[in-house]
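I opened the model today to look up a few residues and their surroundings. My notes follow.

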Amino acid sequence: MQSTDHLAASRYARMRWNTPLSQEHAALLLQRLDVRPGARVLDLGCGWGELLLRAVAAGGVSGPVATRGVGVDTDDAALARGRRQAAGRSLNRHVAFVMGEAAAWQEPADRVLCIGSAHAFGGTDAALDALARVVRPGGRLLFGEAYWERPPTPAVEQTFGAEVTDLPGLVEAARDRGWRVLHLSTADQREWDDFESTWLAGRQEWLLSYPEDPRAADVRAELDDRLREYVDGYRGVLGLAYLVLGR
């Protein structure tokens, strides 16, 4: 049985967004982000922009003053998925998906999202400095970043980088750069487990459907390694904080 090439499409197929986040938690973050009618929303490192689409819809796209959004990423397939989702929700006239480097973007917006993309700027500190230049005065930033819930093993620290700090360190990094913390919440264990499971799920399903595919052995090894790294390594050790920041 030939797979054609469903493998590439399966990578993120079961994921709502590429971060540990429940729908209820996302709704809370959007409420705290407080997107107003007519606002300009920017998502740097947007992937397929699910949270961006929800933010624009929350701000309102009907009436004389419509909310508009831009998502920026370097992943062609993710951007194409975002455009399809925008069209399916009649948001394609209000949200644009742009191929580009997050760190190179200069046009400011009223509300900015940057979740799990600090590495594109060179790390947490550099991202917090750079993002200050694209958040308009009086605007807000939704910043999602990793932190250590517990001290990592040397192997886990090597995987995620020595620059990851604990939660107090992350909060102080934001405060030291002139940001005020308007909201703080963290991904819980169920959100992490769901994120890791759905990250694997599309390819797990592909593997079950095409066990004789020549690529199956490599895919099986990759998935098993990732699950082992999570369960034996960083589950309950690596956290993800969501900060709504203003200045």
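I looked up Leu52 and got a relative accessibility of 0%, so I put it down as buried. This is a predicted model, and I read it as such. Leu52 sits in helix H3, which covers residues 50-59. I listed its contacts, skipping neighbours within four places in sequence. They are Val41, Asp43, Gly69, Val70, Gly71, Val95, Phe97 and Leu113. I also took the C-alpha separation between Leu52 and Leu238, which is 25 Å. These two residues are 186 apart along the chain.

**Cores**

Next I checked the nonpolar cores. The largest has 49 residues. Leu51, Phe97, Leu142, Trp192 and Tyr242 have the most contacts inside it. Helix H8, residues 189-209, gives the most to this core, namely six residues. I found another core apart from it, with 25 residues, including Leu44, Ala130, Ala173 and Ala174.

I then went back to Leu51. Leaving out neighbours within four places in sequence, Leu51 is in contact with Trp17, Leu21, Ala26, Leu30, Leu113, Ile115 and Leu142.

**His183**

Is His183 buried or exposed? I got a relative accessible area of 9%; the cut-off for buried is under 20%, so His183 is buried. His183 belongs to strand S6, residues 180-186. Its side chain makes a polar contact of 2.9 Å with the side chain of Ser185. Not counting residues up to four places away in sequence, I noted that His183 touches Leu28, Leu29, Arg32, Tyr242, Leu243 and Val244. Of these, Tyr242 is already in my notes as one of the residues with the most contacts inside the largest core.

Methods: Residues numbered from 1 in each chain as written. Predicted model: local features only at pLDDT ≥ 70, side-chain atom pairs only at ≥ 80, totals over all residues. Heavy atoms only, no water. Core = buried A, V, L, I, M, F, W, Y, C linked by side-chain atoms within 4.5 Å. Buried < 20%, exposed > 50% of the residue type's maximum accessible area, 1.4 Å probe, protein only. Helix = DSSP H or I, 4+ residues; strand = E, 2+ residues; numbered from the N terminus. Contact = heavy atoms within 4.5 Å. Polar contact = N/O pair within 3.5 Å; in protein donor to acceptor, adjacent residues only side chain to side chain.
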